[in-house]
Structures are given as C-alpha cells and as structure tokens.
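Let's take a friendly walk through a protein model, from the inside out. Keep the picture in view as you read.

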Amino acid sequence: MTTSLRQRVRAGDPAAFGELFDQGSRRVYNHAYRLLGDWSAAEDTVSLTFLEAWRGRNRVQADGESLLPWLLGIATNVARNLARARRRHSAAMGRLPAPREEPDFADDVADKLDVLSAARTAQEALSTLRRPEREVFALCVYAELDYTAAAEALDIPVGTVRSRLSRARARLRDVAIPAAAHEEVR
C-alpha cells in the first residue's frame with residue numbers, strides 16, 4: 001500500500017513537504033497577493049504559511065484529497081495577521097511626532113572645505129619661511145603679540161622682530177602673488 005501525500009506530510013517527511021510546496025506555493029502566493037495587494041507581503045505569506053503547515057502537520061487528517069484547502073486556510077490566517085500587523089505599524093508610525101526639518105549642511109561643509117584649503121595653502125606658504133621668520137610671524141600675526149612682547153618671548157631685540165616679520169611678509173607676498181596670478185590665468 002502506497003502512502004498518500006497527506007500521510008507523509010502528517011508524518012513529517014521533508015520530501016513530502018517539498019512536493020507540497022511545489023504543488024501549492026504558487027496558488028498560496030496568488031491567494032495572498034489577492035488578499036494583500038502587495039507582492040512582498042504575499043512572499044512573506046508563502047513563507048509563513050509553509051512554516052505554519054510544518055508546525056501544524058499533525059493536525060492534517062490522514063484521509064482526504066488535496067491539501068490545497070488546508071494550505072489556503074493557513075494562508076488566509078497568515079495574510080490576516082500580516083494585514084493586522086501592517087495596520088498596527090502604520091498606526092504606531094502615525095502617532096510618532098513629525099520629523100523636524102533638518103537644516104541643509106552642504107553650505108557648512110563647503111565653507112569648512114574652503115577653510116581647510118585656505119589653511120593648507122597658508123601652511124604651505126609658511127613652510128617656505130625660515131624657522132626664525134616663521135616664529136616671529138606666528139607670534140605677531142597669529143598670537144597677536146606686539147613687537148615688544150614677541151621680542152621678549154623669543155629673547156631677541158625688537159629690531160630683529162621687525163626685520164624678521166618684514167622679511168616673512170615679503171616672502172609670503174612673493175609666494176601668494178604668483179599663485180593668485182596663476183589662478184586668474186585658469
């Protein structure tokens with residue numbers, strides 16, 4: 001006596017479930033799609049239907065014909081549960097406060113990139129100075145010390161601070177002007 005598909009499914013035969021899937025998955029999908037109107041939800045329904053069928057295989061009657069009505073009954077319940085979950089999710093999302101308007105940060109990023117580029121250019125220009133000129137320039141321009149305070153910080157005469165700062169400014173002008181003239185040519 002041959003064992004029916006129903007009996008094999010009831011017994012938990014994986015090959016029987018493979019056959020059941022091959023026979024019924026397309027019909028379950030189409031049914032779920034008609035109920036839900038969403039192909040992705042219909043695919044989820046197919047997966048969950050066969051999972052539930054596997055879990056409930058012991059409830060399959062040993063005698064009978066096609067298992068399709070049983071599968072479609074499970075699919076109907078699964079689709080109903082998915083639709084309910086979607087409604088609950090949608091309602092929960094509707095209760096959330098509206099997202100606040102975020103300012104466009106593109107201008108800030110562009111400004112920061114410009115500042116970084118200018119800082120890089122300035123650093124490159126400063127690197128052309130000799131160390132004593134760079135130190136005086138940093139103290140007088142960046143740290144905003146007057147000549148006397150810079151002279152005191154470096155322990156050099158005020159006149160030396162003035163001459164080094166003058167040479168630094170002239171050198172930086174020489175470096176900056178050709179670069180600016182080159183930019184205008186482009």
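## The nonpolar core

A nonpolar core is a set of buried Ala, Val, Leu, Ile, Met, Phe, Trp, Tyr and Cys residues joined through side-chain atoms within 4.5 Å. Please keep in mind that this is a predicted model.

Here, the largest nonpolar core has 22 residues. Val9, Leu20, Val28, Phe50, Leu67 and Leu71 have the most contacts inside it. At least two residues of this core come from each of α1 (5-11), α2 (14-36), α3 (39-55) and α4 (68-95). Helix α2 gives the most, with 7 residues.

## Salt bridges

How many salt bridges does the structure hold? There are 8. In one of them, Arg86 pairs with Asp38, and their closest N and O atoms are 3.9 Å apart. Arg86 lies in helix α4 and Asp38 in the loop between α2 and α3, so this pair ties together parts that are 48 residues apart in sequence. Arg86 is partly exposed at 39% relative accessible area, and Asp38 is partly exposed at 24%.

Now look at Glu133, which is buried, with a relative accessible area of 6%. Glu133 forms a salt bridge with Arg130, at 3.4 Å between the closest N and O atoms, and another with Arg167, at 3.2 Å. The pair of Glu133 in helix α6 (residues 131-142) and Arg167 in helix α8 (residues 158-185) links distant parts of the chain, 34 residues apart. Arg167 is partly exposed, at 39% relative accessibility.

Terms used:
Residues numbered from 1 in each chain as written. Predicted model: local features only at pLDDT ≥ 70, side-chain atom pairs only at ≥ 80, totals over all residues. Heavy atoms only, no water. Buried < 20%, exposed > 50% of the residue type's maximum accessible area, 1.4 Å probe, protein only. Helix = DSSP H or I, 4+ residues; strand = E, 2+ residues; numbered from the N terminus. Salt bridge = Lys/Arg side-chain N within 4 Å of Asp/Glu carboxyl O.
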